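Reader: I have a structure to look at. Can we go through the labels and test each one against its cut-off?

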Amino acid sequence: MTVSRADLLVRNARLVATVDPQRREIPGGWVAVTNGFVSAVGTSTDPQPTADVVVDATDCLVTPGLINTHHHLYQNLTRAYPPMTNAALFGWLKTLYPLWAAIDEEAVHVSAWVGLAELALSGCTTSTDHLYLYPRGAGDLLGAEISAARDLGVRFHPTRGSMSLSEKDGGLPPDHVVQDDDTILAQSAEAVERYHDRSRGAMVRVALAPCSPFSVTEDLMRRSAELAEALDVRLHTHFAENSEDDDFSVATFGCRPTDYLERTGWCTNRTWVAHCVMPNHDEVQRLGHAGIGAAHCPSSNLILASGIAPVVDLRAAGVHVGLGVDGSASADSASLWLEARQAMLLAKLRSGAGAGTARMALECATVGGAGCLGRLGEIGELSVGAVGDIAVWSLTGPAFAGAVADPVEGWLRCGPIGARDTIVQGVPVVRNGALVSGRVDEMLAAHGKISRRIQKIAGA
């Protein structure tokens with residue numbers, strides 16, 4: 001395909017790692033974007049189109065924009081909160097719920113803006129968010145974070161999360177942050193109607209996301225699956241996160257988490273789950289057969305001592321394994337590059353040195369995430385017709401001295417590193433390592449005030 005003119009051209013790359021179905025890697029390659037979509041990908045000898053914007057990628061690795069498949073953006077308001085820096089999952093949640101109950105539209109908008117900006121600096125072009133706290137009178141929280149994503153210009157997959165079991169019902173959260181099942185389902189349908197864009201290249205799509213089996217009723221799990229089927233949207237929840245999670249499932253439901261997914265109608269290719277640390281061999285095969293996606297959150301799993309997810313086995317079984325930075329106070333650095341590196345290292349530790357490679361981690365961070373979000377062939381790869389979401393990574397300076405043989409391995413084994421340029425739908429969001437938006441200082445100042453207000457609740 002010959003393209004004579006494009007809106008944007010990224011050229012002169014040391015290597016373009018397309019992560020397309022053929023996994024083409026093009027030394028000296030270039031990528032053209034027209035009307036928000038990749039219009040051509042070429043080699044150094046192919047004729048290049050003229051373009052309104054030209055990005056020189058000399059001495060850079062060019063990849064698809066990275067995809068974050070699990071986050072709780074509002075939690076950066078309690079980042080590295082001291083009482084919880086050494087707690088396991090259930091105790092961590094019970095301590096922080098009272099603080100998070102103070103969120104409102106402003107807090108969610110500002111924390112989402114800051115969190116998505118941080119992700120963009122790490123080469124992330126698409127992020128989901130699992131927003132499951134809806135305190136009474138807090139306002140339109142989902143709309144508040146969607147407006148932040150639109151302001152920054154990043155692609156966003158928020159989930160309409162929910163909790164219906166409070167402390168009085170045997171759950172973990174306080175009473176005033178949960179809702180009844182009927183209200184949750186009605187507001188979920190309303191959110192999809194209001195915000196979900198089904199068009200190719202959509203910047204906003206909504207999924208349904210009951211928080212976890214220990215914070216919602218079994219009936220809500222089942223009805224959410226039915227509603228997602230009726231509305232043709234995706235499903236997301238926490239799953240098999242650690243041994244406490246397993247023990248709770250056996251004690252409460254009389255079965256392991258995978259059995260619970262199956263009996264509530266969640267074991268389908270509409271679903272992606274967060275963490276997926278504890279499935280046994282048989283369950284891994286069942287998850288793969290169902291075509292489920294899994295958001296691997298290596299830093300969070302390490303900080304909370306949850307365990308090491310069987311990523312290599314999950315991928316081999318057919319599970320779409322993406323990466324997630326998870327929320328702050330469990331994983332306090334929202335860097336997709338860091339999660340890719342952690343995923344590579346943990347795969348080596350669990351499955352052998354040869355099993356965890358930089359290319360495996362890059363696939364998780366791109367096409368694996370696309371599989372989780374139901375957008376294979378559309379996001380997470382550089383091919384004609386895919387969205388124009390691109391990350392440009394400089395491979396220069398002392399950290400990369402000597403890393404001349406393999407740009408992909410060098411990209412992840414060396415560093416630490418942020419993206420030099422992050423481009424979404426053909427529009428730069430990060431340029432030369434800095435956010436394009438002029439609102440950074442304003443939003444950080446607002447974030448500091450809100451964070452101090454919320455942490456003061458616990459006398460911090």
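This is a predicted model: local features need pLDDT of at least 70, side-chain atom pairs count only at pLDDT 80 or more; totals for chains, interfaces and linings use all residues.

Reader: How many aromatic pairs does a search of the whole structure find?

Author: The search returns 7 aromatic pairs.

Reader: Take Tyr74 and Tyr132. Why is this pair called edge-to-face?

Author: Two values decide it. The ring centres are 6.2 Å apart, and a pair needs centres within 6.5 Å. The planes stand at 80°, and over 60 degrees counts as edge-to-face. So Tyr74 and Tyr132 form an edge-to-face pair.

Reader: What makes this pair a tie between separate parts of the sequence?

Author: Look at the two loops. Tyr74 is in the loop between β8 (66-68) and α1 (89-100). Tyr132 is in the loop between β9 (124-131) and α3 (141-152). The parts tied together are therefore 58 residues apart in sequence.

Reader: Is Tyr74 buried or exposed? And Tyr132, buried or exposed?

Author: Buried means under 20% relative accessible area. Tyr74 has 2%, so Tyr74 is buried. Tyr132 has 2%, so Tyr132 is buried too.

Reader: Which residues do ring pairs link into a cluster?

Author: The cluster holds Tyr74, Tyr97, Trp100 and Tyr132.

Reader: What kind of pair do Phe248 and Phe253 make?

Author: Their ring centres are 6.0 Å apart and their planes are at 80°. The limits are within 6.5 Å for a pair and over 60 degrees for edge-to-face. So Phe248 and Phe253 are an edge-to-face pair. Phe253 has a relative accessible area of 14%. That is under 20%, so Phe253 is buried.

Reader: How do you know that the charged end of Arg160 sits over the ring of Tyr134?

Author: The charged end of Arg160 is 3.8 Å from the centre of the Tyr134 ring. The distance limit is within 6 Å, and the charge must also be within 35 degrees of the ring normal. Arg160 is listed as sitting over the ring.

Reader: Now the sheet. In what order do its strands run?

Author: The order is β5-β4-β1-β6, an open sheet of 4 strands with mixed pairing. Its twist averages 25° from one strand to the next.

Reader: What makes β5 and β6 edge strands?

Author: β5 (37-42) and β6 (50-56) each have a single partner strand. One side of each is therefore left without a neighbour in the sheet.

Reader: Why is β5 called largely enclosed?

Author: 5 of its 6 residues are buried, so the rest of the structure largely encloses β5.

Reader: How do you know that β4 and β5 pair?

Author: Pairing needs at least two bridges. β4 and β5 have 5, in the antiparallel sense.

Reader: What makes α11 oblique to α12?

Author: α11 (residues 336-351) and α12 (residues 358-372) pack at about 130°, with axes 9 Å apart. That angle makes α11 oblique to α12. The crossing of α11 and α12 is right-handed.

Notes. Residues are numbered from 1 along each chain as its sequence is written. Side-chain values use heavy atoms; hydrogens and water are left out. Rings of Phe, Tyr and Trp (its six-membered ring) pair if their centres lie within 6.5 Å; planes under 30 degrees apart count as stacked, over 60 as edge-to-face and the rest as tilted. Buried means under 20% relative accessible area, exposed over 50%, partly exposed in between (1.4 Å probe, protein chains only). Axes are lines fitted to C-alpha atoms, for helices over the stretch in contact, and angles run from 0 to 180 degrees between N-to-C directions. Angles under 35 degrees count as roughly parallel, over 145 as roughly antiparallel, 65 to 115 as roughly perpendicular and the rest as oblique. A crossing is left-handed if the near helix is turned anticlockwise from the far one by less than a right angle, and right-handed if clockwise.
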